[in-house]
Amino acid sequence: DFRAGLGISEVELTDANIKEVDRRGFEVSTPFKNFCFVAESEREKEEWVEAIKESIAETLYNYEVAEKIWFNEANRSCADCGMSQPEWASVNLGVVICKKCAGKRHMYGKIFEYFIF
């Protein structure tokens with residue numbers, strides 16, 4: 001609640017990734033901003049991480065497509081800069097790109113649609 005001094009943000013999970021940091025901490029990363037969270041307990045952290053992972057998975061068009069893209073050896077480097085092991089795929093362009101290049105492409109608008117490996 002903003003009146004109580006609590007910040008409320010809506011995070012678009014279509015382009016998000018989650019990483020566990022420590023026993024109670026985790027980060028949600030998007031091409032433009034990282035959000036850091038600390039849960040009150042390890043169990044609460046696990047519940048949040050699982051819920052966010054499920055939300056991210058629901059935003060993917062088709063996980064089987066992601067697997068096919070990733071296991072193709074031609075997709076082991078970023079189509080833009082050549083960095084190895086890119087984390088993002090452009091569904092409509094049919095290429096894989098690194099997080100940095102995904103952020104650059106995202107500046108051009110929603111015509112590019114991505115999902116995370």
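How many strands does the open sheet have, and in what order do they stand? The open sheet has three strands in the order 1-2-3, and the pairing is antiparallel.

Before I go on, the ground rules. This is a predicted model, in which local features need pLDDT of at least 70 and side-chain atom pairs count only at pLDDT 80 or more, while totals for chains, interfaces and linings use all residues. Residues are numbered from 1 along each chain as its sequence is written, and side-chain values use heavy atoms, with hydrogens and water left out.

Now the sheet. Strands here are DSSP runs of E with at least two residues, numbered from the N terminus, and two strands pair if DSSP finds at least two bridges between them.

Strand 1 is joined to strand 2 by four bridges, antiparallel. Glutamate 20 has phenylalanine 26 as its bridge partner in strand 2. Serine 29 has asparagine 34 as its bridge partner in strand 3.

Next, the aromatics. The structure has one aromatic pair, where rings of Phe, Tyr and Trp (its six-membered ring) pair if their centres lie within 6.5 Å, and planes under 30 degrees apart count as stacked, over 60 as edge-to-face, the rest as tilted. Phenylalanine 26 and phenylalanine 37 are stacked, at 5.2 Å centre to centre and 20° between the planes. Since phenylalanine 26 is in strand 2 and phenylalanine 37 in strand 3, the pair ties together parts eleven residues apart in sequence. Phenylalanine 26 is buried at 3% relative accessible area; buried means under 20%, exposed over 50%, partly exposed in between, with a 1.4 Å probe and protein chains only. Phenylalanine 37 is partly exposed, at 36%.

Last, the cysteines. How many disulfides are there? The count is zero, a disulfide being a pair of cysteine sulfur atoms within 2.5 Å. For cysteine 81, the nearest cysteine sulfur is that of cysteine 98, 3.7 Å away. Cysteine 98 has the sulfur of cysteine 101 as its nearest, at 3.6 Å. Cysteine 81 is partly exposed at 48%, whereas cysteine 98 is buried at 1%.
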